[in-house]
Amino acid sequence: MVSVVMALGRSRAGIHLATFGRSGVDAIDIDPDFPLHSHDALFRRSSATAIGRLLDHYRYPETALAGVSSSPDGAGLVRDAAGYVAVQLGELREGYGCLALPLFVDDATLPSAALAFTASVARVQDAVEDLSDLRDRARLLERLL
C-alpha cells in the first residue's frame with residue numbers, strides 16, 4: 001500500500017483495500033490516516049458505497065448497469081476503455097467521495113478485491129477523469145493478492 005500512497009501523495013487522500021468473499025466484503029485494510037467514514041455500510045454491501053456498487057456490478061450485472069455513466073460528475077458506475085469503476089460523491093459524507101477499482105487475480109472474471117480511493121469530491125472527480133495512475137497501482141496490487 002505504501003507505493004500507492006506515495007504515488008498519489010500530491011495531496012492527502014485515503015487508500016483502502018477491500019477483499020470480496022461469498023458474503024460480500026470480507027476484510028478491509030483501512031488507511032489509518034484517512035479512515036472510511038462509512039466503514040459499517042461496507043459490511044452491509046450498501047449500494048451507497050463505491051465498493052458496494054462495484055461488488056454489485058460484478059455479482060448482479062443485469063441490475064447494476066442501470067447506473068453506468070461516462071461522466072466523472074455523476075456517481076454510480078463509470079466505464080472507460082479499461083473497464084468499470086464505481087464512484088460515490090458526497091452521498092455518505094458531504095464534501096467527500098470514493099472511487100473503487102476492481103482487482104482481479106489470475107485472469108478471473110470476478111474481482112477478488114477492490115482498491116478504494118477516498119478524498120474530497122473534487123479530488124475524486126479529478127481521479128475519475130484520469131484513471132491511469134490508479135489503474136497502474138491496482139495492477140501492482142493484483143500481483144500481491
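Reader: How many of the ten residues of α3 are buried?
Author: Happy to start there: helix α3 is mostly covered, where buried means under 20% relative accessible area, exposed over 50% and partly exposed in between (1.4 Å probe, protein chains only). The model is a predicted one, in which local features need pLDDT of at least 70 and side-chain atom pairs count only at pLDDT 80 or more, while totals for chains, interfaces and linings use all residues. Residues are numbered from 1 along each chain as its sequence is written, and side-chain values use heavy atoms, with hydrogens and water left out. Ala50, Ile51, Gly52, Arg53, Leu54, Leu55, Asp56, His57 and Tyr58 are buried in α3, and the count is nine of ten.

Reader: How many helices and strands does the protein have?
Author: Both are DSSP runs numbered from the N terminus, with helices as H or I of at least four residues and strands as E of at least two. Along the sequence, the pattern reads α-β-β-α-α-α-β-β-β-β-β-α-α. The totals are six helices and seven strands.

Reader: Which residue lies over the face of Tyr96?
Author: A charge sits over a ring if NZ of Lys or CZ of Arg is within 6 Å of the ring centre and within 35 degrees of the ring normal. Here the distance from the ring centre of Tyr96 is 4.4 Å, and the residue is Arg93.

Reader: What arc do the buried residues of α6 fall within?
Author: Those residues are Leu134, Arg135, Ala138, Leu141 and Glu142. The arc is taken from the directions from the helix axis to the C-beta atoms. The buried residues line one face of α6 because, seen down the axis, they fall within an arc of 115°.

Reader: And which exposed residues sit on the face of α6 turned away from that buried side?
Author: The helix covers residues 132-144. On the face turned away from the buried side, the exposed residues are Arg143 and Leu144.

Reader: What covers the buried residues of α5?
Author: In helix α5 (residues 121-129), the buried residues are Arg123, Val124, Ala127 and Val128. They cover an arc of only 140° around the axis, so they are on the same side of α5. Their cover includes β4 (76-80), β5 (83-89), β6, β7 and α6.

Reader: Which residues does Gly83 touch, not counting those up to four places away in sequence?
Author: Gly83 is in strand β5 and, at 13% relative accessibility, counts as buried. With contact meaning heavy atoms within 4.5 Å, Gly83 touches Val78 and Arg135.

Key. Expected span 1.5 Å × (residues − 1).
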